[in-house]
Amino acid sequence: MAIHAARTRRLLTVPALSELTRRSGVVTALLMAVLQVGLVCTLWRAVYATTEVSAGLDVRQAVTYVVLALLVQRIRWGSRLHSRESLWALVRDGRIIYWFLRPLGPRRHYLLKSLGEILYWGTWSLAGYGIALAAGLISPPPDARVAALAAVSLLLGQVIAHQLMLGIDLLCFWTTANTNALRVYSFSSDLLSGAFVPLWFFPGWFLTLNQWLPFQGTINVPVSIYVGRIPAAEALVQLGIQTLWCCLLYAMTSFLWRHAIRRVDVQGG
Amino acid sequence: MQEDSGPAIHAEELGRSFTVTTRKSGLLGALRSLVRPARESRTVINGVSFRVEPGELVGLLGPNGAGKSTLVKMLTGIVVPSSGAVHVNGRVPHAERGRLAQEIGVVFGQRTQLWWDLPARESLNILRDIYAISESDYRRRLREFDDVLALAEFWNTPVRHLSLGQRVRCDLAAALLHDPRIVFLDEPTIGMDVMVKEQVRDFLRYQATVRGRTVLLTTHDTADIAQLCDRLLLIDHGRVVFDGTLEALRAARDDGVTVRVAFAEPVGHLEIDGAVVVERTELRATLVPAPGVPHGRVVQQVVSRAPVTDLRVEESSVEALIRDVYRGGSPAVARAGA
């Protein structure tokens, strides 16, 4: 047990250790976050300049939504960086074999790497949330119950996002490179999850279609619960849907892992 | 746990085939391949059988594409055999990857297992926790590795800034950190300068002879073979074409020696019983003993024919011996002493 704890703890810190070795990377990430938050605040205040309420939300709720959406999106920022330790780079270089030669196996390696990235980038997002709250850019949750529901929804959303990303990453066992798939996925998930624009501004057919997809569970659902767009009474249904997606995607990625493990043998000499 | 009585590695009629996509050349060919890719089955390993006893240092040799790396991947459990059976330390590698991981160490010379952005020492710390190595063992082993490989000079440098030789030395330490009984090394000295190569050879020799590890080494470097390997396993086109010691390989190639002689005065017609004269000038001759004829008998005859000013018996280079086997110049030899 102690062995597993030490191993887990150590591997969870690897993404942070790697990021912190590059000062320019840290400064760029910080600047980018500040710039993004500043721009979306300016944009959405301009949108609301001539109206007090749009799509049932006032300017404060809208700004809170977009800032939170941005901060939630940045929790998984590590998966978007072209790191030498990303799964596609490991598969392309053949270094993935070492994941198969260690006592903890490739699935656990990936999980701990992904969790480590979430911890590192999530810490930045949490700090950003605290600063945005202190600066009065965003509103706090209306009550503890909503905060708890939003937190659980955020957690489930991260599980969904992890499984989706894993599915895309595992494609590289078949295609060797998955950079195009990653680009398509990043754009689609940003659009469909509500990271770009709150989903209620999209046409009805888009929303109907999106209900059958897992993406809105990653950002739109937890943030909507937080800002009151999804009432607490309805939140439990959304948590149920998120849980269902977690199970379905877990089954899909388990299937892909089983087949990917058999594919590793064809990657080079 | 290593089985005391059993072999360290035992492969029996091991085979592996892959289905590969073949592409035609040219734009039209590329379009055709895109729409309807042609696939064909290729046999990379074909009925390979051998045993490696605990503590042996075996060189796994073969030309490019012979199947060496695939064989190592099968022995380490990454690749599942299409046919045959394999046991490493008494375990079926692909079925018991997790347990076997504690008992084997692997270095693929061209691929590092170290974390690129972190100092090499940090990577070793991570591996210490992955393999659950106690702090005292960890420190002791690091000291031991540092003594031979001089790692402390650069182990606080991020891996991305290390030279190839420095990086491979750290990789060797990483592979042996958990004290594995069996070590697989795939071209560990590739691209190294002569000094570092010597350092690495010293390290491997020490690990095999003093630490008693079983080492299976693939290399194209004949100096590695001559200086390190107790036994050679030559594979070509996925088959074992030779399994034995370097001496057995020489013997199989008719002693593998050449006799060069310089005479004090011109010698007329030179005919030596049991040898072929392959080169001849007025004062010099080069002779190759016939199959089964010891070179000592040829030397005796030569010196009895005329006064000799110089005489050399040269062993064929390892490279030449191996090249002959690949070209089919020497019959496949059963393992010497097996």
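Me: Buried means under 20% relative accessible area, exposed over 50% and partly exposed in between (1.4 Å probe, protein chains only). How much of chain B is buried?

Reply: Of the 338 residues in chain B, 51% are buried. This is a predicted model, in which local features need pLDDT of at least 70 and side-chain atom pairs count only at pLDDT 80 or more, while totals for chains, interfaces and linings use all residues. Residues are numbered from 1 along each chain as its sequence is written, chains are lettered from A and ligands numbered from 1 in the order in which they are written, and side-chain values use heavy atoms, with hydrogens and water left out.

Me: Now the interface. How many residues of chain B are in contact with chain A?

Reply: 33 residues of chain B, against 30 residues of chain A, with contact meaning heavy atoms within 4.5 Å.

Me: And what area is buried there?

Reply: About 3000 Å², with carbon and sulfur atoms giving 60% of it. B:I78, B:R111 and B:I130 supply 22% of what chain B buries against chain A, more than any other three residues. Buried area here is the accessible area (1.4 Å probe) that two parts lose on being put together, summed over both.

Me: How many salt bridges across it?

Reply: The rule finds three between chain B and chain A. It asks for a side-chain nitrogen of Lys or Arg within 4 Å of a carboxyl oxygen of Asp or Glu. A salt bridge joins the side chains of B:E122 and A:R10, at 3.2 Å, N to O.

Me: Which elements of chain B give two or more residues to that side?

Reply: β1 (9-22), α2 (68-75), α3 (97-101), β5 (104-108) and α4 (120-130). The most comes from α4(B), with seven residues.

Me: Different topic. Where is B:L151?

Reply: B:L151 sits in the loop between α5 (135-149) and α6 (164-176) of chain B.

Me: Why does B:L151 count as buried?

Reply: Because its relative accessibility is 0%.

Me: What does B:L151 touch?

Reply: Leaving out residues up to four places away in sequence, B:L151 touches B:F145, B:D146, B:R169, B:C170 and B:A173. B:Q166 is 15 residues from B:L151 in sequence and 7.6 Å away in space, C-alpha to C-alpha.

How values were computed
Helix = DSSP H or I, 4+ residues; strand = E, 2+ residues; numbered from the N terminus.
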